[in-house]
Amino acid sequence: FNLSCTLSHVRPCLEEIGLVPAADLTHAHMRKMVSGFKAAGLKQNGINRKISIIKAALTWAADEQELIEANQVAQFKCPRGEDEKIVPPSPAEVRRIMQAAPQHVHRAVLLSFYLGVRVGASELFRITWEQVDMERGVVHVRSAKKNKAVAWRELPISPALSAFRVTWGNLDGWQGPLVHYK
């Protein structure tokens with residue numbers, strides 16, 4: 001999460017409970033906030049994200065910075081939310097999506113499917129032609145920042161992806177990123 005995302009979670013909390021000094025925040029304030037969010041139709045997982053940010057900030061203020069004596073809501077609990085079940089597209093829907101997709105989306109879908117990399121700037125969008133080992137048929141993928149133990153991993157290029165590799169390489173002059181998403 002970045003700062004703007006974190007602030008987008010926190011602002012509604014302030015609107016819901018008002019300007020209560022951090023040291024005076026209680027379980028009653030937290031319950032009021034949760035009730036307000038539920039009444040507004042927020043899902044439990046979204047509410048839990050907001051609660052976790054507040055609790056983490058107050059723990060930091062108490063333990064790391066000594067700005068408040070203690071985090072009074074450290075033990076506040078919310079029930080776990082239901083994980084949303086997303087139905088994947090059917091094969092016919094995938095074919096229609098791929099036919100309509102611009103080139104960069106087409107590449108992103110195929111590479112993420114065949115390589116199993118994280119979609120986005122953490123892995124997929126960082127892959128360059130320099131990381132493609134044509135002789136061995138592998139791609140060297142730098143791990144996402146989450147994985148500090150392993151700097152990179154080697155992923156085999158499947159035969160289905162191999163056909164696209166040559167076409168894309170010729171289009172790109174065998175340099176630069178594999179997915180031109182900007």
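Biologist: What classes of residue make up the lining of the largest cavity?
Modeller: This is a predicted model, and in it the lining of the largest cavity has eight nonpolar residues, one charged and no polar ones.

Biologist: Nice. Which residues are they?
Modeller: The lining consists of Leu111, Trp129, Val132, Val139, Ile157, Leu161, Arg165, Trp168 and Leu178.

Biologist: And which helix gives the most to that lining?
Modeller: That would be helix H6, residues 159–172, with three residues.

Biologist: How much space lies in there?
Modeller: About 70 Å³ for the largest cavity. The count of cavities of 30 Å³ or more comes to one.

Biologist: Okay, switching to charges. How many salt bridges does a search of the whole structure find?
Modeller: Five. One of them pairs Arg107 with Asp172, with the closest N and O atoms 2.6 Å apart.

Biologist: Which parts does that pair tie together?
Modeller: Arg107 sits in helix H5 (residues 103–115) and Asp172 in helix H6, so the bridge links parts 65 residues apart in sequence.

Biologist: Are those two buried or exposed?
Modeller: Arg107 and Asp172 are both buried.

Biologist: What about Glu123, which residue does it form a salt bridge with?
Modeller: With Arg153, where the closest N and O atoms are 2.9 Å apart. Glu123 is in the loop between H5 and strand E1 (132–133), and Arg153 is in strand E3 (residues 152–156), so this pair joins parts 30 residues apart in sequence.

Biologist: Why does Glu123 count as buried?
Modeller: Because its relative accessible area is 1%, and buried means under 20%. Arg153 has 25% relative accessibility, so that residue counts as partly exposed. Salt bridges with shared partners also join Arg118, Glu123 and Arg153 into one network.

Biologist: How far apart are N and O in the Asp133 and Arg136 bridge?
Modeller: Those side chains meet at 3.6 Å, N to O. Arg136 is partly exposed, at 48% relative accessible area.

Biologist: New topic: which residues form a nonpolar patch on the surface?
Modeller: Met134, Val166 and Trp174, with about 250 Å² of accessible area together. Val166 is in helix H6, and at 39% relative accessibility it counts as partly exposed.

Biologist: Last one: where does Ile17 lie?
Modeller: In helix H1, residues 3–17. Ile17 counts as buried, at 14% relative accessibility. Its C-alpha atom is separated by 35 Å from that of Lys145, 128 residues apart along the chain.

Technical notes. Residues numbered from 1 in each chain as written. Predicted model: local features only at pLDDT ≥ 70, side-chain atom pairs only at ≥ 80, totals over all residues. Heavy atoms only, no water. 1 Å grid on protein atoms, 1.4 Å probe; cavity = no way out; pocket = protein on both sides within 12 Å on 5 of 7 lines; lining within 4 Å. Points joined across faces, edges and corners; volume = space filled by probe spheres on them. Helix = DSSP H or I, 4+ residues; strand = E, 2+ residues; numbered from the N terminus. Nonpolar A, V, L, I, M, F, W, Y, C, P; charged D, E, K, R; others polar. Patch = residues over 30% accessible without salt bridge, like charges linked within 9 Å, V, L, I, M, F, W, Y side chains within 5 Å. Areas by Shrake-Rupley, 256 points an atom, 1.4 Å probe, with all protein chains shown as cover. Salt bridge = Lys/Arg side-chain N within 4 Å of Asp/Glu carboxyl O. Buried < 20%, exposed > 50% of the residue type's maximum accessible area, 1.4 Å probe, protein only.
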